[in-house]
Amino acid sequence: MYSITVLCVGKLKEKFYIAAVEEYQKRLRGLCRLDIVELAEERLPDAPSPAQIQSALEKESRRILAKVPSNAALIALCVEGKLLSSEELARQINAFGSAGRSSLCFVIGGSYGLHPSVKEAAQLRLSMSPMTFPHHLARVMVLEQVYRAFQINGGTKYHK
């Protein structure tokens, strides 16, 4: 059975995001072991300088990398990542499993993204879209795509 960790910078506050995450946690229960880990987002002033942003991202990166499960394939969500269809993501998850990496860790940065060290450590840099979405919505999108990938790999009718 796959072990999926979703490391998220920032805490969900909106009830509609929380409800959506809970729904996918319920759906994934019998398909994998799912762990969602929320990490604190560094506090920044209203108009941070590039140096302040980089410093915050570096601090977040240390906490992120410390929480990646050992032997997990690290998948960093970033705008410059690879665009995959749902079928391609399903095949990639299978490929990780075939290579002995049944533990996957998806990392979702905060509103300023991820530090380069996290992206460099990743076995896959994944982009959800060239469009911009709230980073809290990315959590729901990742969970839905993981669920969809398991359904595709299981040959169910969920994915049409």
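**Close-up views of a predicted model**

**View 1. The second largest pocket of this predicted model.** Its lining divides into five charged, three polar and two nonpolar residues. Lining this pocket are Gly10, Lys11 and Lys13, then the run Leu39, Ala40, Glu41, Glu42 and Arg43, plus His135 and His136. The volume comes out at about 210 Å³.

**View 2. The largest pocket, at about 470 Å³.** Of its 22 lining residues, the ones closest to the centre are Leu77, Cys78, Val79, Gly113 and Phe133. Strand E3 (73–83), strand E5 (124–127) and helix H5 (135–154) are the elements that each give two or more residues to the lining. E3 has the largest share, with four residues. Sorted by class, this lining has 12 nonpolar, eight polar and two charged residues.

**View 3. Strand E1 (residues 2–9), buried end to end.** Eight of its eight residues are buried, so the strand is largely enclosed by the rest of the structure. Side chains in a regular strand alternate between the two faces of the sheet. Here, Tyr2, Ile4, Val6 and Cys8 point one way, while Ser3, Thr5, Leu7 and Val9 point the other way.

**View 4. E1 and its pairing with E2 and E4.** On E2 (residues 32–39), eight bridges make a parallel pairing with E1, and Ile4 stands opposite Leu34. E4 (residues 103–108) also pairs with E1 in the parallel sense, over six bridges; there, Leu7 sits opposite Val107.

**View 5. A right-handed β-α-β unit.**

Note on methods. Residues are numbered from 1 along each chain as its sequence is written. This is a predicted model: local features need pLDDT of at least 70, side-chain atom pairs count only at pLDDT 80 or more; totals for chains, interfaces and linings use all residues. Side-chain values use heavy atoms; hydrogens and water are left out. Buried means under 20% relative accessible area, exposed over 50%, partly exposed in between (1.4 Å probe, protein chains only). Two strands pair if DSSP finds at least two bridges between them. A crossover is right-handed if, with the strands pointing away from the viewer, the path from the first strand over the helix to the second runs clockwise. On a 1 Å grid over the protein atoms alone, a cavity is a set of points where a 1.4 Å probe fits but cannot get out, and a pocket is an open set with protein on both sides within 12 Å along at least five of seven lines; lining residues have an atom within 4 Å of a point. Grid points are joined across faces, edges and corners, and a volume is the space filled by probe spheres set on the points. Ala, Val, Leu, Ile, Met, Phe, Trp, Tyr, Cys and Pro count as nonpolar, Asp, Glu, Lys and Arg as charged, and the others, Gly among them, as polar.
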